[in-house]
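Student: Could we go through this model by question and answer? I have the sequence and the coordinates open.

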Amino acid sequence: PPPPPPAAAAATAGRGGAEDGLTANRYRPGDAAAAHGGRAGMLFPQRTCLSFDALPKPDTVLNKLAELNVALASAGDARALSAEQLAGLTEFGRAAGGGRGGVAISDAQVGAMVGAALSWPPASVFPVLDLLRVALLVPAAARQVSAGAARAQLVPRLLSLLGSEAAAPAPTVVMALRALANMCAVPEMHALIGEHATAVLEVASEHLNQEAASAQARTAAATLLLNFSVFIHSSPASEEEAQAQILSAVAPALAGLSDKLGQAAPTEVEVARRLLLAVGTLAHSTQGAAFVKQLTADLGIKESVAQIATLGVAAAAGTPAADIGGCASQLAQVLG
């Protein structure tokens, strides 16, 4: 598996734009200097993982959790949480509503959360995953999951929810992707997520390039690819297989945006920004930088980047197209 990535970036939280109150961290160009030891304006390589750490509407999440738990209990389903377990998750959710800093979590809360995440039906599990992806950013919870009985089950369960056979609803898909992305952001989870790198990159690619995927799912998938690029950048060994997987996922997504940049929604531009950061980070890899640059040409990524840079320069100031133009221009120089 790839080596552990650095700690998570302190990215700014912004609304995901859905009625369920989902959120996502947005990379902002102004954060670049901090990520590069003060070298202002240098976007590549990224050395930090992004995370989805906000829970801006905890009551909405907790009300849905209670509603779905009642439905399971009323049906006589043994997977329903006990009153004590539900109270514990409610307590954690309210504490996490202000952000992850200083949030405490007990072993019992982690156990209940993980148990439900592993067992609840795909159509019902999304509020559990919403709490879990925040809990995994708490080192104590991450250590418990990594060392506990659920270690061998959690990532396969998340992957199964992202598979077509599960027919999981959109909120479940988004939360499963965000949980995987957050696992990349905590040192205690690095070994676990690294064991499943190939499968995780496969589902990220599928949801990034799926026509029916929501903007939130695409943002989460792009973040996952960016975080794995951070893994690979620092690897002392060859990671050509993973590099090829990431670039193969990025190529169609960037090609689609370069054809319609002027009409792209801000969320789509944000997806593209994270993909550009992933490519630029891979191009600075300790091993395989030449391989990456050649593959970007072979897959048409280099051409898409040049087109995005050109359109960005020509776009009106303050538009999404202009906002991403500088990032694409810098990447074009990196790719040569």
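This is a predicted model: local features need pLDDT of at least 70, side-chain atom pairs count only at pLDDT 80 or more; totals for chains, interfaces and linings use all residues.

Student: How many helices and strands does the protein have?

Tutor: The protein has 336 residues, and 54% of them count as buried. Among contacts between residues at least 6 apart in sequence, 74% join residues at least 24 apart. The secondary structure comes to 16 helices and two strands.

Student: Is Arg-157 buried or exposed?

Tutor: Arg-157 sits in helix H7. The cut-off for buried is under 20% relative accessible area. Arg-157 has 14% relative accessibility, so it counts as buried.

Student: Which residue's backbone oxygen lies 3.4 Å from a polar atom of the Arg-157 side chain?

Tutor: Leave out residues up to four places away in sequence, and Arg-157 touches Ala-117, Leu-118, Ser-119, Trp-120, Pro-121 and Val-125. The backbone oxygen at 3.4 Å from the side chain of Arg-157 belongs to Leu-118.

Student: What is the relative accessible area of Leu-247?

Tutor: Leu-247 is in helix H12. Beyond its neighbours within four places in sequence, Leu-247 is in contact with Val-279, Leu-282, Val-292, Leu-295, Thr-296, Leu-299 and Ile-301. Leu-247 is buried, and its relative accessible area is 0%.

Student: How far apart in space are Leu-247 and Gly-300, C-alpha to C-alpha?

Tutor: In sequence, Leu-247 and Gly-300 are 53 residues apart. In space, their C-alpha separation is 10.0 Å.

Student: Which side chain makes a polar contact with the side chain of Ser-285?

Tutor: Ser-285 is in the loop between helix H13 (266–282) and helix H14 (289–298). At 6% relative accessibility, Ser-285 counts as buried. Setting aside neighbours within four places in sequence, Ser-285 is in contact with Ile-232, His-233 and Gln-243. The polar contact, at 3.4 Å, is with the side chain of Gln-243.

Student: How much space lies in the largest cavity?

Tutor: A search of the whole structure finds one cavity of 30 Å³ or more. The space in the largest cavity is about 30 Å³.

Student: Which helix gives the most to the lining of the largest cavity?

Tutor: The lining residues are Arg-218, Ala-253, Leu-254, Leu-257, Glu-268, Val-271, Ala-272 and Leu-275. With four residues, the most comes from H13.

Student: How many residues of that lining are nonpolar, polar and charged?

Tutor: Arg-218 and Glu-268 are in the lining, and Glu and Arg count as charged. Ala, Val and Leu count as nonpolar. The lining divides into six nonpolar, no polar and two charged residues.

Definitions and conventions: Residues are numbered from 1 along each chain as its sequence is written. Side-chain values use heavy atoms; hydrogens and water are left out. Buried means under 20% relative accessible area, exposed over 50%, partly exposed in between (1.4 Å probe, protein chains only). A polar contact is a pair of N or O atoms within 3.5 Å; within protein, one must be able to donate a hydrogen and the other to accept it, and residues adjacent in sequence count only if both atoms are side-chain atoms. Contact means heavy atoms within 4.5 Å. On a 1 Å grid over the protein atoms alone, a cavity is a set of points where a 1.4 Å probe fits but cannot get out, and a pocket is an open set with protein on both sides within 12 Å along at least five of seven lines; lining residues have an atom within 4 Å of a point. Grid points are joined across faces, edges and corners, and a volume is the space filled by probe spheres set on the points.
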